[in-house]
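Please read this briefing beside the sequence and the model.

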Number of protein chains: 4
Amino acid sequence: MILKLATTVAKNEASALAEKAKAFHITYQGSEYLITSSSVKSTPEGLQGKVDKEWVFPNDMQLASREFQEETRTVRIGATEMGGNTKNTILIGGPCSVESEEQIQQSSALLKSLNLTTLRGGCFKPRTSPYSFQGLGLEGLKLLAKMREEHGLNVITEVRDATQVEQVIEYSDVVQIGAKAMYDQGILRACAKINKPVLLKRGFGTTLQEFVQAAEFILSGGNDQVILCERGIRTFETKTRFTLDLCGVAYLQEFTNLPIILDPSHALGFRYGIERLSQACVAMGIDGLLIEAHPDPSVAKSDAAQQLTHEQFIQLKEKITPVAKSVGYTIV
Amino acid sequence: MILKLATTVAKNEASALAEKAKAFHITYQGSEYLITSSSVKSTPEGLQGKVDKEWVFPNDMQLASREFQEETRTVRIGATEMGGNTKNTILIGGPCSVESEEQIQQSSALLKSLNLTTLRGGCFKPRTSPYSFQGLGLEGLKLLAKMREEHGLNVITEVRDATQVEQVIEYSDVVQIGAKAMYDQGILRACAKINKPVLLKRGFGTTLQEFVQAAEFILSGGNDQVILCERGIRTFETKTRFTLDLCGVAYLQEFTNLPIILDPSHALGFRYGIERLSQACVAMGIDGLLIEAHPDPSVAKSDAAQQLTHEQFIQLKEKITPVAKSVGYTIV
Amino acid sequence: MILKLATTVAKNEASALAEKAKAFHITYQGSEYLITSSSVKSTPEGLQGKVDKEWVFPNDMQLASREFQEETRTVRIGATEMGGNTKNTILIGGPCSVESEEQIQQSSALLKSLNLTTLRGGCFKPRTSPYSFQGLGLEGLKLLAKMREEHGLNVITEVRDATQVEQVIEYSDVVQIGAKAMYDQGILRACAKINKPVLLKRGFGTTLQEFVQAAEFILSGGNDQVILCERGIRTFETKTRFTLDLCGVAYLQEFTNLPIILDPSHALGFRYGIERLSQACVAMGIDGLLIEAHPDPSVAKSDAAQQLTHEQFIQLKEKITPVAKSVGYTIV
Amino acid sequence: MILKLATTVAKNEASALAEKAKAFHITYQGSEYLITSSSVKSTPEGLQGKVDKEWVFPNDMQLASREFQEETRTVRIGATEMGGNTKNTILIGGPCSVESEEQIQQSSALLKSLNLTTLRGGCFKPRTSPYSFQGLGLEGLKLLAKMREEHGLNVITEVRDATQVEQVIEYSDVVQIGAKAMYDQGILRACAKINKPVLLKRGFGTTLQEFVQAAEFILSGGNDQVILCERGIRTFETKTRFTLDLCGVAYLQEFTNLPIILDPSHALGFRYGIERLSQACVAMGIDGLLIEAHPDPSVAKSDAAQQLTHEQFIQLKEKITPVAKSVGYTIV
């Protein structure tokens, strides 16, 4: 359950109460909150008289629940806001992997020419084979940082495992937790302690319940800026790489208070249908869209089949803009 | 492979040649065609000199393939056309099951008031338990026929198994082959011999390849009016009833020439997200949308949780109309 | 719920009571039973005083439930018994498709040489493409009937759809309802009216609940000889054709009273691991094993990759015999 | 490809060659090997004349492939061997989580009384909710170490994420990489550098190809003692917790050279069928079985439903012993 403490309870008293009740303690929008397991259904011993408001839940989806907070959280990426009542759909572009300065400069130029603000690019690639390209690592992070400085872009990149979480946190504006790292408590707990938005991708074998619970690791640890990202689940269908779960998105929109970004590139795994799928995603009224684009996909070192050319990316933006408008959203 | 016979080959000669080559024979848009297994890669013995054009395929998706015919087939439901270059998205409404004359009259009135043309309603329900409501059967078919006469509506209803295929064919304007009957050759072969459109639903455990091959049963048997319907596949996620596979829809749009209708009601299984999902579907530029609505869902004899109220159906139409427009389509 | 009627209630009275209560009526082991939906939780109006015993269920798994009958049903195939306290594991062999008299004679000879009793072979093949071999149809059924006469073998073959259910019923000793036909009420209802065992295969996209409910169609219609067959479900894994669900088998053994046959050939889809998988199946203490074997798999017209050679089939029998013995069962 | 270097090439020269060829370098059974991506199909520049033997592969399953090494690797856990030609099936028991010294003493006593050698128990639990019991951590590791000293048991425990991999490596005899951590390169790379066996569990959404490729991370990094563990995959079936993939096991046994341990407890998720499933597993001729047992499952802090009582564990050992014998194996 969630307990909003009375304003008479100071922060350090709240902390002491949390320890006694074996609860999490966060400060959220100026108030102190304790969070226990959802199996607790009434005010714990010792908290009587110190609580302003209480929420009881049927399962461990608590801080992320619309029952706790009805409106979607507002998250700020640099100067751009999403969620809340902004009605913004952030179009995030860039290559699968940062491969060279020339490449990432071209990607940055593309975004600037379209008045877009946020650049994606992987540096530590969570490849499934040791014999594949593993990313540029720290060198890639520094290239991204350079793009931020030179072009004023926000940078989003992925943490692969807990051994480089500090580096990624340092160099990025939004920390991406990838589909394969989503259960990684080393990462989740580190991301709970930072003051930057976290883009949490759903694992391809992960239930919606587990997905939201992973967000609860971050939220209950003290970071209230979590963005959910659906990127396709693994099903029996193999003509497409994964299956984008828009029923799941409808569920998350209805029951959680977290902004939602969709990644159709990884879901389909092929260039051909990304435009139409992006139209579909945008028509749901979502907070962001993550699209892989590469100056020359034919030489890309990872995910070559699914990255758009820059021409296709420009056309995609043209196509989704009126769709967003038709549901009251703006592509930013 | 597909062989378009020379115009000098008459219909009955074509038929004889087909038998010799163990091929299917159809007349399509005024020409004679033979279709063999896709494992045949060159002109079969005895057909040399009698062929105008040939298509070789990597697998048994042949007549449905865009390599055979580049544009989407035009299908006519009553006075309404879909596919081709019509840019129409037909909104089909009605209850899960026909339950009574009063109910189906209300459904018909709803459609008429919205200038919609096509009424859905199940009469032979393919329930998974013998102890559930099994539908009104022939009595239901007669009620649908009455709606057609009284209101000028087109009627679409489902055939459950081969024992009532003739009845359903007789009473409906579009024959629906449901998800559980999709491999049923008794039904597929019967539907291949009729001059009515067939709405073929994808089985929830069916690959895209198998789905299109089921359409090939109908197409190679002589009926060229097949509409594909995606209605959700079964995955590990159980918060939603099924998972609507829009990656699969992108695949079908890219590689097949068949019109596509989506059924978000069965996919999600709950009322709450049908509106948003419908927006997503329509934004892909599809040929139709199948929505369950009931005058009073709380007393529905099947699928109570997912049927919209009439008010919600009216609002859904309002919401999807600008989305359709934003991608160049019209809701009809 | 299930209601066992008092011995004072005659069969025709039972029938009348069933109609009034909208219940199914069966005669089972000399007594009259009514079966309603599981949503009924107390004696229906008009039956008070006429009931000997009642069973209430949480869902529509009723007649198949061990709560209704604790011991596994005994089913007789010709002179061979399975289930009950027989501790028999029937090894059923034969080709995927009946292809010619010579082929099926060789299959029969193989079984006879191993003292086996039951021959399988498909005549109406539920292929997913119209361009594949569809089976010999009635001609195949007659060949199977000939094998029964000449060699005294029991014959098991598949019904594809409701259009040939009567033929298959007439010519076979056990009627097999295939994975793709499992929801077909035309078939299920026809099989409910016969006095022969029915082998019901689980659909590859079918939940255990739906699977057992399909059996309830047959049981509640009056045929108490239903055998369940697990043959692999469709999952994300594609190195193997399907995934044999032995957790599901453990569930069925624990909660249902129906004999269980396993089909590792269709599950794996390749010859190489059939022997080891068969050992695993047999070690669970099952009632039968269905194995595809062909005199020359390299020329088989269907499922060539998974059919064993006759040498491999002989070796398989040698290998599973001690495994069966180790769990107290006998291969027959 | 794999290249076995000539005996004239010393270790440090091999290392230099590897760097030039961007290949992995390992010493295996006294010889030097280089391993490149499987996309390399012929001797790389600069290695001509220095290679004794080469293996080319269709995909990145290389060191784990039976084409590289035909016989299963022998792995030693303490004094007990598995794999190779040992025909041993190691029965590993213990609780899901180490909860207290009293509990783990009872577990140890159980194993000793059955002449078993290897104790399992989780200390860092990869729970999906932050609000669940997360394990005793280091304190648990110390309890396990105490069991090793007092009872001479081998200890196997799980590393949750890269932040505690060093601790787990230090305290355990076999390092377990759990299903949720299987893609974690921080862990995989750390485990590649140690001289202890690694038990690698298949992710529940992981393909067989990815699973073996995760093992390649460890093997190509220099640790040749990898054991694969199948523990159930996530499918549409929810009556059971997961679906144990024995078809996948048949594939791994046929195509890889790694020993295989099965974990039916996590697959089924319930006590009732563990015994029968264990019989099935053992009948495949496997190298080990991982079974959760708890002195009092009703008070277990995790996985309460699936842990056996000690009485059930004793009976399980009795039941699987003759099954193992029937396929030529011994339970140790």
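In chain B of this predicted model, strand β14 (residues 288–292) is mostly covered, with 5 of its 5 residues buried. A residue is buried if 20 or more other C-beta atoms lie within 10 Å of its own, exposed if 12 or fewer, and partly exposed in between, with C-beta atoms placed from the backbone. Helices (H or I, at least four residues) and strands (E, at least two) are DSSP runs, numbered from the N terminus.

Residues are numbered from 1 along each chain as its sequence is written, and chains are lettered from A and ligands numbered from 1 in the order in which they are written. Local features need pLDDT of at least 70 and side-chain atom pairs count only at pLDDT 80 or more, while totals for chains, interfaces and linings use all residues of the predicted model.

- Two strands pair if DSSP finds at least two bridges between them.
- β14(B) pairs with strand β7 (residues 88–94) of chain B in the parallel sense, over 5 bridges.
- Within β14(B), Ile291(B) is the residue that Gly93(B) stands opposite.
- Strand β13 (residues 260–262) of chain B also runs parallel to β14(B) and is joined to it by 2 bridges.
- Leu262(B) stands opposite Leu289(B) in β14(B).

**The antiparallel sheet of chain D**

- In chain D, 4 strands in the order β2-β3-β1-β4 form an open sheet with antiparallel pairing.
- Its edge strands are β2 (24–28) and β4 (51–55) of chain D, each of which pairs on one side only.
- Direction ignored, neighbouring strands of this sheet are turned by 25° against each other on average.
- Axes are lines fitted to C-alpha atoms, for helices over the stretch in contact, and angles run from 0 to 180 degrees between N-to-C directions.
- β2(D) and strand β3 (residues 31–35) of chain D run antiparallel and are joined by 5 bridges.
- Leu34(D) in β3(D) is the bridge partner of His25(D).
- Helix α1 (residues 11–20) of chain D packs on the sheet and touches β1 (2–5), β2 and β3 of chain D, with its direction at about 155° to that of β2(D).

**Chains A and B**

- A rotation of 180° with 0.0 Å of shift along its axis superposes chain A on chain B, with RMSD 0.0 Å.
- That is the relation of a two-fold axis.
- Copies are superposed by least squares on the C-alpha atoms of residues with pLDDT of at least 70 in both.
- Ala280(A) is the residue of chain A that comes closest to the rotation axis, its C-alpha lying at 2.0 Å.
- 38 residues of chain A are in contact with 38 residues of chain B, where contact requires C-beta atoms, placed from the backbone, to lie within 7 Å.
- Two or more residues of the side of chain A that touches chain B come from each of α6 (208–220), α7 (246–255), α8 (264–268), α9 and α10 (310–326) of chain A.
- That side of chain A divides into 20 nonpolar, 12 polar and 6 charged residues.
- Ala, Val, Leu, Ile, Met, Phe, Trp, Tyr, Cys and Pro count as nonpolar, Asp, Glu, Lys and Arg as charged, and the others, Gly among them, as polar.
- The copies meet through the same surface, because 100% of the interface residues of chain A are also interface residues in chain B.

**Helix α9 of chain A**

- Helix α9 (residues 274–283) of chain A is mostly covered, and 10 of its 10 residues are buried.
- Among them are Leu277(A), Ala280(A) and Cys281(A).
- Gly285(A), whose phi is positive, near 75°, follows α9(A).

**Chains C and D**

- The contact takes 37 residues from chain C and 38 residues from chain D.
- α7(C) gives the most to the side of chain C that touches chain D, with 7 residues.

Notes
Contact = placed C-beta atoms within 7 Å.
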